[in-house]
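Hi everyone, thanks for making the time.

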Amino acid sequence: HEPGARAASLGGAFTARADDTSALFYNPAGLAFLKGFRLKTNMTFADRTTNAAGPAGGRAYHSSPNEILGAHALAFQPVKRVTLAAGLFSPYTYTSLWSPNAVGNATSLRNSLKTSYFRSVLAVEVFKGFAVSGGLDVVSSSLRWRHNLPFEMETYPLPPNAYAESRHQLSGHGLSFVAGAMWKIIPAIQVGASYHGGVTIEYAGRNSYIVNWIGLTGTIPSPSGRTITISDLLTMFYAPQDVTGRLTMPQQLSFGVALTPLSRLSLYVDVERTSWRDSGDWVFRSTNEGGDLNPMFTQAYRDFYGIEPDYGVQGIALGFADTTDLKGGLEFRPARYLSLRAGYAHQGSSIDEAGLTLIYPDLGRDLYSFGFGYEGPLFSVYGGDERISDLSFDLFIRYAAGSPGVSSVPGLEMTYDSRRLVFGAGVGFVF
């Protein structure tokens, strides 16, 4: 996700420009050149649609959750060339919501990952035109996962609707490092680089179960010599578990160039490398793994039915791969305080195509963006010429089209495509 409205309208190419408070998210070294006390808030609204179709034109399924994200930053320069800043943003957030009757409902009905970064940095202009920065990210993350667990027994065949819905809910925390550098070589040429460290999140939480009792009115024999309803048997079989998991938010390295060949025209280019490869898998383990997951399902039941609780480990391999993204933007200023912007970005898929699943069917995509900005004085509402602050206001719209991908995961051979429409705004003040 692009946390800054201005940067989003430029295709995300902001590493070498980074000249407003949202520099905190892109290249905090740029903050060293910003005077006074500054605030900026950005809001993003999006609709992400992903389609999954079975082989040979089979049935198609859709996931289309709405997304609302915010990014907020403040910066203060107590002495010349030294700036302190802090802010909150969510660079890695994802939600999918699939039909309950989707072919892959044993993989995912719904899953979400929400990750918030609270960033604090110090930026210093070491000598005229050259600045560096360093800071700390305090990362909080939560995830949810719902999927079906089919219930089967060889001794007593059961109807296909005998299943329990498994619900995971976990959270975790971590620390990471951020650094940046910017060099204003001449007024027409700037270069920048930024580094965002990876962070491993150790998740802990709870796995609960909801038995699908609708239509499970039939009975089967029980060890007591009587009968038991199928729904009661499932309720007895599944027991809530304390669970753990691990995911690593990737490290990221960005390089950018900003060119201003004409006073009213600027061009921006970024190259961004993101290390997804070591992010891990969507796998969660019961703290009782290797032990007895459910003492209430006694040995008598296990011997009679020939089954025992086996849900101590649930998940799927994701097959992450590193990505290289190319971003470009253009900014034209038709008037003193106004800017028109456009951008393009190509982002590679962070998942090997053959390993795409309903959990996270990430596809390579092309992004197109347009925006408008105002940056100038803000006068008192009571009239007159009292200038109370400087105001920046940014609007953008962004469209992403994903390249189709074909998965060869056994039992989940599906063709995926996606699109995403995003619009947002940013408002900033300088005092």
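Let me begin with Phe431, which counts as exposed at 53% relative accessibility; here buried means under 20% relative accessible area, exposed over 50%, and partly exposed in between, with a 1.4 Å probe and protein chains only. Before I go on, a word on the source: this is a predicted model, where local features need pLDDT of at least 70 and side-chain atom pairs count only at pLDDT 80 or more, while totals for chains, interfaces and linings use all residues. Residues are numbered from 1 along each chain as its sequence is written, and side-chain values use heavy atoms, with hydrogens and water left out.

So, how many aromatic pairs are there? The count comes to 31, taking rings of Phe, Tyr and Trp (its six-membered ring) with centres within 6.5 Å, and calling planes under 30 degrees apart stacked, over 60 edge-to-face and the rest tilted. One of them joins Phe37 to Phe431, a tilted pair at 6.5 Å centre to centre with 35° between the planes. Because Phe37 lies in strand β1 and Phe431 in the segment after β22, this pair ties together parts that are 394 residues apart in sequence. Strands here are DSSP runs of E, at least two residues, and helices are runs of H or I, at least four, numbered from the N terminus. Phe37 itself is partly exposed, at 31% relative accessibility.

Another pair is Phe151 with Tyr238: the ring centres are 6.2 Å apart and the planes sit at 65°, so this one is edge-to-face. Phe151 is in the loop between β6 and β7 (163–186), Tyr238 in the loop between α3 (230–237) and β12 (241–249), and 87 residues separate them. Phe151 is buried at 4% relative accessible area, and Tyr238 is buried at 9%. Both belong to one aromatic cluster, whose members include Tyr156, Tyr209 and Phe297.

There is a charge over a ring as well: Lys184 lies over the face of Phe33, 4.1 Å from the ring centre. The rule asks for NZ of Lys or CZ of Arg within 6 Å of the ring centre and within 35 degrees of the ring normal.

On to the strands, which pair if DSSP finds at least two bridges between them. What joins β1 (residues 37–53) to β22 (residues 415–430)? These two run antiparallel, with 16 bridges, and Lys40 has Gly428 in β22 as its bridge partner. Strand β21 (residues 405–406) also runs antiparallel to β22, through two bridges, with Gly405 opposite Tyr416.

Now, Ser141 in strand β6 (residues 130–150). Is Ser141 buried or exposed? Buried, at a relative accessible area of 3%. Its side chain makes a polar contact of 3.2 Å with that of Thr115; that term means a pair of N or O atoms within 3.5 Å, where within protein one must be able to donate a hydrogen and the other to accept it, and residues adjacent in sequence count only if both atoms are side-chain atoms.

Last, some torsions. Most residues other than glycine have a negative phi. Ala18, though, has a positive phi near 35°, in the loop between α1 (5–9) and α2 (23–26), and is buried at 1%. Arg81 has a positive phi of about 75°, sits in the loop between β3 (66–79) and β4 (82–97), and is partly exposed at 31%.
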